[in-house]
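This report goes through one protein chain part by part. Please keep the sequence and the structure in view while reading.

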Amino acid sequence: MTENQLKIVNKNTMFELVGDDEELIKKFQIEFLQQAKQSIAKLSSAYSESDFKIIKEESHFLKTSAKAIGAEQTADYLQKLEDTSILNDKNKCKELIILINNSIKQVYGVIKNES
């Protein structure tokens, strides 16, 4: 799937995982957003310290949750960050952390508008 085809939130992903329980879906989405806030803080801190190991671990951790709620674009950026961190490419990591942060804001917007 190309980057342009990735959805901010693919609602079908959660339906496939938990069915049509809107309350449970909303709970998972909110948990993701809370986790994402913490992860962005950790990624920013790790970036400042050039700690590529933590960047890799945290991007992998959040990517799993992003995939679970159907945040395809965010998950894609997190995969790219995980791959980039292995190369110790600080400039590219910065670009991706900014993209991830903006992508999470878009996820929040979609989830908020569904309420």
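Where is Asn88 found? Asn88 lies in the loop between helix 4 and helix 5. The model used here is a predicted one.

Asn88 has a phi near 55°, which is a positive value in a residue other than glycine. The relative accessibility of Asn88 is 47%, so Asn88 counts as partly exposed.

Ser50 is found in another loop, the one between helix 2 and helix 3. Ser50 is not a glycine, yet its phi is positive, at about 50°. With a relative accessible area of 34%, Ser50 is partly exposed.

## The ends of helix 1

Helix 1 covers residues 11-18. Its N-terminal end is capped by Asn10: a side-chain oxygen of Asn10 lies 3.0 Å from the backbone nitrogen of Asn12. After helix 1 comes Gly19, and the phi of Gly19 is positive, near 85°.

## How helix 1 meets helix 2

Two packed helices are described by the angle between their axes and the distance between the axes. For helix 1 and helix 2, which spans residues 22-48, the angle is about 115° and the axes are 10 Å apart. The crossing of these two helices, helix 1 and helix 2, is right-handed.

Which residues of helix 1 and helix 2 meet? On the side of helix 1 they are Met14, Phe15 and Val18, and on the side of helix 2 they are Glu22, Leu24, Ile25 and Phe28. Of the residues in this contact of helix 1 with helix 2, six are nonpolar, none is polar and one is charged.

## The nonpolar core

In soluble globular proteins, nonpolar side chains tend to be buried together. In this model the largest nonpolar core has 27 residues. Phe32, Ile55, Leu81, Ile100, Ile104 and Val107 are the residues with the most contacts inside this core. The elements that give two or more residues to the core are helix 2, helix 3 (52-69), helix 4 (72-86) and helix 5 (90-114). Helix 2 gives the largest share, eight residues.

Which residues does Val107 touch, not counting those up to four places away in sequence? Val107 touches Ile8, Val9, Phe32, Leu33, Ile69, Ala71 and Thr74.

Tyr47 has its place in helix 2. Apart from neighbours within four places in sequence, Tyr47 is in contact with Ile55, Lys90, Cys93, Lys94 and Ile97. Tyr47 and Ala36 are eleven residues apart in sequence, and the distance between them in space is 16 Å, C-alpha to C-alpha.

Lys37 is also found in helix 2. Is Lys37 buried or exposed? Exposed means over 50% relative accessible area, and at 68% relative accessibility Lys37 therefore counts as exposed. Lys37 and Ile104 are 67 residues apart in sequence and 8.7 Å apart in space, C-alpha to C-alpha.

## Glu82 in helix 4

Glu82 is placed in helix 4. Why does Glu82 count as buried? Buried means under 20% relative accessible area, and Glu82 counts as buried because its relative accessibility is 8%.

The side chain of Glu82 makes a polar contact of 2.8 Å with the side chain of Lys63. Leaving aside neighbours within four places in sequence, the residues in contact with Glu82 are Lys56, Ser59, His60 and Lys63. Glu82 and Phe61 are 21 residues apart in sequence, and in space they are 9.8 Å apart, C-alpha to C-alpha.

## Ser103 in helix 5

Ser103 is found in helix 5. Its relative accessibility is 1%, so Ser103 counts as buried.

What joins the side chains of Ser103 and Gln73? A polar contact of 3.2 Å joins them. With its neighbours within four places in sequence left aside, Ser103 is in contact with Gln73, Thr74 and Tyr77.

Methods
Residues are numbered from 1 along each chain as its sequence is written. This is a predicted model: local features need pLDDT of at least 70, side-chain atom pairs count only at pLDDT 80 or more; totals for chains, interfaces and linings use all residues. Side-chain values use heavy atoms; hydrogens and water are left out. Axes are lines fitted to C-alpha atoms, for helices over the stretch in contact, and angles run from 0 to 180 degrees between N-to-C directions. Helices (H or I, at least four residues) and strands (E, at least two) are DSSP runs, numbered from the N terminus. A crossing is left-handed if the near helix is turned anticlockwise from the far one by less than a right angle, and right-handed if clockwise. Contact means heavy atoms within 4.5 Å. Ala, Val, Leu, Ile, Met, Phe, Trp, Tyr, Cys and Pro count as nonpolar, Asp, Glu, Lys and Arg as charged, and the others, Gly among them, as polar. A polar contact is a pair of N or O atoms within 3.5 Å; within protein, one must be able to donate a hydrogen and the other to accept it, and residues adjacent in sequence count only if both atoms are side-chain atoms. A nonpolar core is a set of buried Ala, Val, Leu, Ile, Met, Phe, Trp, Tyr and Cys residues joined through side-chain atoms within 4.5 Å. Buried means under 20% relative accessible area, exposed over 50%, partly exposed in between (1.4 Å probe, protein chains only).
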